[in-house]
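Okay, everyone, thanks for coming. Let me put the structure up and walk you through a few spots.

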Amino acid sequence: MEAERSGFIRGVKIARNAPCISHLLFADDTLIFCEASLGAMQVVSNLLTRYEAASGQKVNLEKSSMVLSRNVNALNKDSLANALGIGVIEKHDKYLGLPAMGGGRSKREMFDEYVIRFGNASRDGIQSC
């Protein structure tokens, strides 16, 4: 949250007046939402390093992956993946029983089923923060 407040990383909004979502935590999994840029990857890398130092735990990069927007070209996908040392997943079907993020879908498409599943009938659209 500090990195988001400081402007080093940008999350997403699922509605015009909704708060920014920069990360979600589920059990022992963490989802991080950020801009697809080398600068953002450096911030994420620094955050993971700080987490490891503070917690004494090691992030397993072999079990880590990123899902990128369909607007990110193949060359940039490789550069971003290399910056973090993790692989790119082209498409997920489900995560914890819900449709997974990314896989070439727009932010609106990604969150449509989440909004429906959680009963929020009105939405203004998903936006970058």
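So, two strands count as paired here if DSSP finds at least two bridges between them. Helices (H or I, at least four residues) and strands (E, at least two) are DSSP runs, numbered from the N terminus. Keep in mind this is a predicted model: local features need pLDDT of at least 70, side-chain atom pairs count only at pLDDT 80 or more, and totals for chains, interfaces and linings use all residues. Residues are numbered from 1 along each chain as its sequence is written, and side-chain values use heavy atoms, with hydrogens and water left out.

First up, the hairpin. Strand 2 (residues 23–26) and strand 3 (residues 29–32) run antiparallel, joined by four bridges. F26 sits opposite D29. Two residues lie between the strands, and A27 takes a positive phi near 50 degrees.

Now helix 2, residues 38–55. Just after helix 2, G56 has a positive phi of about 80 degrees.

Last one: K77, in helix 3 (residues 74–84). Buried or exposed? K77 counts as buried, because its relative accessibility is 14%. Leaving aside neighbours within four places in sequence, K77 is in contact (heavy atoms within 4.5 Å) with L68, S69, V72, V88 and E90.

Definitions and conventions
The expected span of a helix is 1.5 Å times one less than its number of residues. Buried means under 20% relative accessible area, exposed over 50%, partly exposed in between (1.4 Å probe, protein chains only).
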